[in-house]
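This report covers salt bridges, a charged surface patch and some loop residues. The sequence and structure come first.

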Amino acid sequence: MATDKLTSSNKNIDEELIIMTNKFSWENFDYNFLREIVYNHKTPLENRPPAPVKEKERLAVYVDNISPEPTKNFAKKYRIVIEDMIFKNYPEVAKRVYEHITHSELEEGKNVLYELCTMATSAQLTETYAAMLYELGSGNEFLEYLSQYKYPVNIDLRKTTSREVPLYDFQEEAVEKLRKDFITDQLSAGLLVMPTGSGKTRTATYFLLKYMIPNGYQVIWLTHRHMLVDQAADAFVNNCSLITEANPKAKSFRITCVSGQHSSIREADKKDNVIIISVQSGFRNIDYLYPILGRKVIIVIDEAHHSVAKSYKKVVEAICHRKRGVKRLGLTATPVRGSDKESQLLYDFFFKHIVYDISMKELILNKVLSKPQFQKVETEINFEPQIDVDEEKLIRRYGELPASVVHKVAESSKRNKLIVNHYLENKAKYGKTLIFALNVEHCVTLNDDLRKAGVKADYIYSGRDAKENERIISDFKNDKLDVLVNINILTEGSDVPTIKTVFLTRPTQSEGLLMQMIGRGMRGPKAQGTEVAYIVDFCDKWETFNKWLSPEWIMGEAGEMPEEKKRENRPVKTYPLQLLSDIYKGITHKGDGVLSLVEGAPIGWYECHTPSNGDTKILVFKGQEEGFASLGHFLNLWKTGIFNKTCQSLLNAHFTDNDFPPKLRDIDIFVRHWLHSKTIPEYHEFADVDKFDPMAMAENIVENNIIPADIPNHLRKHYEENQELIDSVHGTFSDYMAKVMDCMKALFEGIKPNRKIELLPMEEIPYKMEPVYNIQQLYMEVVDEMFGGSYSGIEFVEWTPKPCREYFGVYHSGGRIFINSLLNSPSVPREVVKFVIYHELLHRDNLYHNKEFRKNEHKYPGYVEWDRFLDNTFEKFDFDM
């Protein structure tokens, strides 16, 4: 039997929540609530007991017949009962529901029950009510892991208030350059290059909300992982009132998120201001992109280094083919692909234009990024794994094993011993730790070893259920875990500001991937992160890291993209994770692993100036200071003649055996400064600068209750005492004061948010329940038009005896087809009913909605329009069943 759902929203909640363990039951609710549902005037008579029922267990059976589990429709139908019987008695539950729906905290003095009862009925409201009922009826935490963007969000800007959006000075500069390029100069494309942790998403959404959307642009935001969709959506929704700054008459803001975990692309609309799409969803539904495009479009590609991949190019080209004048903006911390050819192609894809870029070095000096404490772990492993594994027993249990699987687990065991011991010795210092593992075997077994050692740890990787991964990441963010082991999932976009330490235990040839891994732990104190970031390196990657502190983008001509090699489709055999644990138990070691640690942390910088580079800072790491001092002494002794020393020879002469040598470009800038001024660059230490850091000064002002009128004099005193250093790092007194005031705003913002988001009510379209269609006539029209007048093997096509919510149509074996009589209405276009009939007829030869089925389904003329009606418009009809 093939059954086609009425709408995707009618799925029972537990169908999507395989991470849950406890079974839902209405018996977990109190008697009065169940009685109000069963005897409610909206409950059909056939679902009510013939005589009064006093036992809660029996009432639960009747509610189960109404709806086995809470759904959106159940929540909509019995909304008043839920509010009166549950939220009224459990205000903490009501508060959680309110904050989930509105994306904001309840304002002090507000009555949460009143706020919920007077709220417009929206998809978000009914879904959240249903989710909370499910949580109460199962005992499983659910609301915390439910996306707030599962359905399109429509915000009433006239009733929405947002706190001021503070930007750092470098973000303001980036926004201004974006405005100039895309609005004033009408450029078509460009890259925004900002290091991980510096606020690329915040900067881009600020620009789009304030300048592009008020100018009539629709934003198509492409991302390659559904986990990054919510993060981008939050940035838009939390700051959507920026639109009204440019256009005070703006009434609404609409955003739809499209991915396997969010809305279907059929639910998106050309009226949407923002559509955030996982590239996989866009790639698979190219035809459905066209009806949702607005009049003017800007495509934003998050993590833009992926944009030259086939899936991205196809989506972008499809949009540009349909719409003229499409703009494209790429966001990346790593505008480098795996090969030079791809890097050049990426540069070409954005028309050889970088709108704005800023280096890690500058943001470290400004405390937006943490001070990196780079720790190089050197090992001398002189032990061998002793393997005592009963392979015959494992083969009987799990099937045939490749010879490599036992070896891989044994190698993981050897590596794990060093990693776990090193972490335990430094646990207090390292704080919240993210570990990038080598492979699945390493990921799983390392997590086991950490747990055995008493560490609160868990692991994520792409082969694990997506919702389970999201739950674990949420636990990591909320301090329920101290260590998270992963394979690449947390390299891009995922936001956990309080990560203090990153373990690099896997080798990688990709510089971009390496810096994404490192960047996960470098959110600085000004960005709600940590003062220090420990980068614990088991793979000798200092040279790459040092280069990326201040990268140079030099791009040549890309030429043509080499043809993609066709990959042979080989079946991939996977093994149960329990198998890895069973093998792991049989591995021990003889001997010891000798581990030594070499540390390098930034301690200061040289202030340089050259005609070609302007003002430049050279970051100095611990261990380099003697080398630079030696180099300076050597230069001062140089008297006359042409200076003919190469940077490499100077590096070799003055930084001999240095574990963390500077890069050649830094030596070059140092020497050029000397050649230009005949003086050694001025050196400053972080310890001196920390004394007048803007955030520290803001905290001092707040703690000492300095009144606003006295703040300028208070700051000027500190400025005059340290003018040279402050000018070097922060600019003039006016610049410094502005930074301190921004930090104070951030402090107060964290204390008392004042944002309120008001959702518009769910759009409802009048529905006429009047039979108008002859099902046999429609059936024959489909056969004539699509199958040449003949289609054997069908016993009958009939309407269902009464309307239902479970499906549009259903095919039973033997060729018996029922079409939902809810479609027999003048509110439903004739072609929609015929499309459903055609769809069910195809099930004669294929019961599954696989690729071949969809190929045949898409032969129906106008299938996109009719499919969108069923998934989108039909949901808006106002009928009560």
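Arg-266 is buried, its relative accessible area being 16%. The model is predicted, and in it Arg-266 forms a salt bridge with Asp-867, with 2.7 Å between the closest N and O atoms. Arg-266 sits in the loop between strand 5 (252–258) and strand 6 (274–278), and Asp-867 belongs to helix 37 (residues 863–873), so the pair ties together parts that are 601 residues apart in sequence. Asp-867 is also buried, with a relative accessible area of 10%, because the limit for buried is under 20%.

## Other salt bridges

Side chains of opposite charge can pair when their charged atoms come close. Over the whole structure, 29 salt bridges are found. One of them joins Arg-96 to Glu-135, where the closest N and O atoms are 2.7 Å apart. Here too the pair links distant parts of the chain: Arg-96 is in helix 6 (residues 91–102) and Glu-135 in helix 8 (residues 123–138), 39 residues apart. Arg-96 is partly exposed at 35% relative accessible area, whereas Glu-135 is buried at 11%.

Lys-834 and Glu-831 form a salt bridge with a closest N to O distance of 3.2 Å. Both residues lie in helix 35 (residues 830–842), and because they are three residues apart they are separated by about one helical turn. Lys-834 is buried, with 2% relative accessible area; Glu-831, at 26%, is partly exposed. The two residues also belong to a network of salt bridges that links Glu-781, Glu-785, Arg-830, Glu-831 and Lys-834.

## Negative surface patch

Glu-682, Glu-724, Asp-727 and Asp-735 form a negative surface patch. Asp-735 is located in helix 33 (residues 733–751) and is partly exposed, with a relative accessible area of 39%.

## Loop residues

Gln-186 is placed in the loop between helix 9 (169–184) and strand 3 (189–193), and Glu-303 in the loop between strand 7 (296–301) and helix 15 (310–322). Gln-186 counts as partly exposed at 46% relative accessibility, while Glu-303 is buried at 5%.

Pro-661 occupies the loop between helix 27 (647–654) and helix 28 (664–677). With a relative accessible area of 26%, Pro-661 is partly exposed. Pro-661 and Lys-622 are 39 residues apart in sequence, and their C-alpha atoms are 10.0 Å apart in space.

Definitions and conventions
Residues numbered from 1 in each chain as written. Predicted model: local features only at pLDDT ≥ 70, side-chain atom pairs only at ≥ 80, totals over all residues. Heavy atoms only, no water. Patch = residues over 30% accessible without salt bridge, like charges linked within 9 Å, V, L, I, M, F, W, Y side chains within 5 Å. Areas by Shrake-Rupley, 256 points an atom, 1.4 Å probe, with all protein chains shown as cover. Salt bridge = Lys/Arg side-chain N within 4 Å of Asp/Glu carboxyl O. Lys, Arg positive; Asp, Glu negative; His and termini not counted. Charge placed at Lys NZ, Arg CZ, Asp CG, Glu CD. Helix = DSSP H or I, 4+ residues; strand = E, 2+ residues; numbered from the N terminus. Buried < 20%, exposed > 50% of the residue type's maximum accessible area, 1.4 Å probe, protein only.
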